Amino acid sequence: MSQSAAISAFPIERSATQHVREIPPLARSEVMPQARVELDRFLALVEHLSPDDLQQRTDCALWSVKDIVAHQASHVTGLVSVGECLNQFNPRNYREYTAKGMNTLDAANQRQVDMRADRTLAELIAEMRENAEPSFAGRQRFPFFLRWVRMPVPGFDGRISIGYLIDTIYTRDMWMHRVDIARVTGREMVLTPEHDGRIVALIVREVDGRLGKALGTTSVTLRLTGPAGGEWIAGGANAPSALLEFDLVEFNRLASGRTTAQHVLDHGLVRIDGERAAAETALRNIVVLY
């Protein structure tokens, strides 16, 4: 274990932190403003990328920066209409990918990226800009009865609703891919408490569901540093026995599966105080869907 991930013996005192369960769920009134701001920030990041930037490999093993932009263009277009959304996720359309061993989600996404392989960055940006308003309108008029349909997600227990996918995951996915691009290109990742802080808080709120099961009555304090960070108590009802302090981007890399708990510890990407067992249990269970 890295010395910078040191464990101290003193108990963690409850400070003026918020319990994760006090974070309000995403309200319907937030969905569209959040999606608009995130698309604006994503476009502002990618529109000035250089040819060398586009070829950089990312945390997404199969994708370059340009592939990620293509992936997001497909998401924007996919919400223009119910028909287009269903077409993108029609298993018949990506059978050649599943035949190679890809799970259904990766197959659907890879097909959409490959369909845009010959497009330039300017063309991908134009696709997103031209389809932005139709896409926002498509989200709002998506049939109510379809929003309640639940579907499995490879690698995660249980099912998610299409409504959750549209309202939460599409925006969160774009946010995380903005992180991917900023990291490998050295570009600024614009972070503000009002927008990014809310997205991160909602992610922490979901992390708590898994932490609660893993920790039992034990709780931990999650301290995320950075302009969109915060401090929350997660887990059981007891006073927190450990504190885990991350840069908020590294926290999300862990939660999204882009890195592992062991890598975080070995490279000193988390500062831990308090009970080691509780802290390591928490680290192994910081996982949510992006």
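Colleague: Starting with F251, buried or exposed?
Modeller: F251 is buried, and its relative accessible area is 0%. Buried here means under 20% relative accessible area, exposed means over 50%, and partly exposed is in between, with a 1.4 Å probe and protein chains only.

Colleague: Okay, and what are we looking at, and how are things counted?
Modeller: This is a predicted model, where local features need pLDDT of at least 70, side-chain atom pairs count only at pLDDT 80 or more, and totals for chains, interfaces and linings use all residues. Residues are numbered from 1 along each chain as its sequence is written, and side-chain values use heavy atoms, with hydrogens and water left out.

Colleague: Back to F251, which ring does it pair with?
Modeller: F246. The ring centres of F246 and F251 are 5.5 Å apart and the planes sit at 75°, so the pair is edge-to-face. Rings of Phe, Tyr and Trp (its six-membered ring) pair if their centres lie within 6.5 Å; planes under 30 degrees apart are stacked, over 60 edge-to-face, and the rest tilted. F246 is buried too, at 1% relative accessibility.

Colleague: How many aromatic pairs in the whole structure?
Modeller: The search finds 2. F144 and W148 also pair: their ring centres are 6.1 Å apart with planes at 70°, so that is edge-to-face.

Colleague: And F144 and W148, buried or exposed?
Modeller: Exposed: F144 has a relative accessible area of 60%, and W148 comes out at 61%.

Colleague: What does F246 bridge to?
Modeller: F246 is in β6, and L224 is its bridge partner. Strand β4 (residues 219–225) runs parallel to β6 over 7 bridges. Strands (E, at least two residues) and helices (H or I, at least four) are DSSP runs, numbered from the N terminus, and two strands pair if DSSP finds at least two bridges between them.

Colleague: Which strand pairs with β6 in the antiparallel sense?
Modeller: That's β7 (residues 270–274), antiparallel to β6 over 5 bridges. One of the bridges there joins L244 to I272 in β7.

Colleague: Why call β6 largely enclosed?
Modeller: Because 6 of the 8 residues in β6 (residues 240–247) are buried, the strand is largely enclosed by the rest of the structure.

Colleague: Changing topic: how much space is in the largest pocket?
Modeller: About 1,200 Å³. The closest of its 42 lining residues to the centre are N103, L105, D106, N109 and Y290. Among the elements giving two or more residues to the lining are α3 (65–78), α6 (104–115) and α9 (162–185).

Colleague: How is a pocket told apart from a cavity?
Modeller: Both come from a 1 Å grid over the protein atoms alone: in a cavity a 1.4 Å probe fits but cannot get out, while a pocket is an open set of points with protein on both sides within 12 Å along at least five of seven lines. Lining residues have an atom within 4 Å of a point. Points are joined across faces, edges and corners, and volume is the space filled by probe spheres set on them.

Colleague: How many cavities of 30 Å³ or more?
Modeller: There are 3. The largest holds about 110 Å³, and V76, S135, F136, R139 and M174 lie nearest its centre among 14 lining residues. Helix α7 gives that lining the most, 4 residues. The second largest cavity is about 40 Å³ and is lined by Q34, T168, T171, R172, I199 and L202.

Colleague: Last one: how many disulfides turn up?
Modeller: 0 across the whole structure, where a disulfide would be a pair of cysteine sulfur atoms within 2.5 Å. As for cysteines, C60 is buried at 15% and C85 is buried at 7%.
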